[in-house]
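Student: Can we go through the side-chain contacts in this one? I'd like to take them pair by pair.

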Amino acid sequence: MLLAPLFGFIDRNFTFFFPLGIVFLILMASKFNWTTFAMGKKITGKTLIKSLILASILFIVFTFLIDPLLIKWLGDFNLSSINDIRGNILAYLVLLVVVWVFAAFGEELVFRGYYMKGLAELLGNSNKAWLISALITSLYFGISHVYQGLIGVVSVCLWSFAIALLFNKNRNNLLLLVLIHGIYDTIGVTLIYLNLDIVITDYMQQMLTL
């Protein structure tokens, strides 16, 4: 966590790929024992339904409550890095693959399975340690999205903390978080592709001015 940001001076993507490489080396050394990173359960129908419900709740809360307030106070998100998917089916499909492989699976593996779990164990593995770890890693995760602007840092930090609390309740089921993350981002990316995110943002800002 301390070393990875140094690679961000080269390219912000290295901040993510450096710890991902460390995770891969640890997995190799353990002969791919995924329980090391809290992947101790298989995906079941119950897990799928639970992830759909939780992802939908999170999306509704952030899209129609938290983010509109943050936009009013901090300005719009900087989505320049993915604006090219608007109306572009090929770019949209490619981004969906990236979202599931690197954002949903990769980020949850690094930030929750590696950073949060490891930090909690380092601090004593108590409930208090897990809460402190959730706060620290959520702030870290939010700052890693600084390219979206200040609002991106704050919104992602809050979203990450909500996810971290879910992980605290499901400490051996990281795949649940992977699914929630993937479904959440898929909905968001799809709205951007359809240009409906702008419609929703404008509508919510009008509602806040009433």
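Tutor: Start with Lys-117 and Glu-121. They are four residues apart in helix H4, so about one helical turn separates them. Helices here are DSSP runs of H or I with at least four residues, and strands are runs of E with at least two, numbered from the N terminus. This is a predicted model: local features need pLDDT of at least 70 and side-chain atom pairs 80 or more, while totals for chains, interfaces and linings use all residues. Residues are numbered from 1 along each chain as its sequence is written, and side-chain values use heavy atoms, without hydrogens and water.

Student: What do Lys-117 and Glu-121 form?

Tutor: A salt bridge, with the closest N and O atoms 2.9 Å apart. The term means a side-chain nitrogen of Lys or Arg within 4 Å of a carboxyl oxygen of Asp or Glu.

Student: Is Lys-117 buried or exposed?

Tutor: Lys-117 is buried, at 14% relative accessible area. Glu-121 is partly exposed, at 40%. Buried is under 20%, exposed is over 50%, and partly exposed lies in between (1.4 Å probe, protein chains only).

Student: How many salt bridges are there in the whole structure?

Tutor: Three. One of them joins Asp-197 and Arg-86, at 2.8 Å from N to O. That pair links distant parts of the chain, 111 residues apart. Asp-197 is in helix H8, and Arg-86 is in the loop between helix H3 and helix H4.

Student: And what does Arg-112 pair with?

Tutor: Glu-108, in a salt bridge with its closest N and O atoms 2.8 Å apart. Both lie in helix H4, four residues apart. Arg-112 is buried at 0% relative accessibility, and Glu-108 is buried at 0% too.

Student: Which ring does the charged end of Arg-112 sit over?

Tutor: The ring of Phe-141, 5.0 Å from its centre. The rule asks for NZ of Lys or CZ of Arg within 6 Å of the ring centre and within 35 degrees of the ring normal.

Student: New topic. How many aromatic pairs are there?

Tutor: The count is 14. Tyr-92 and Tyr-193 are stacked, because their centres are 4.5 Å apart and their planes are at 20°. Rings of Phe, Tyr and Trp (its six-membered ring) pair with centres within 6.5 Å; planes under 30 degrees apart are stacked, over 60 edge-to-face, the rest tilted.

Student: Where do Tyr-92 and Tyr-193 lie?

Tutor: Tyr-92 is in helix H4 and Tyr-193 in helix H7, 101 residues apart. Both are buried.
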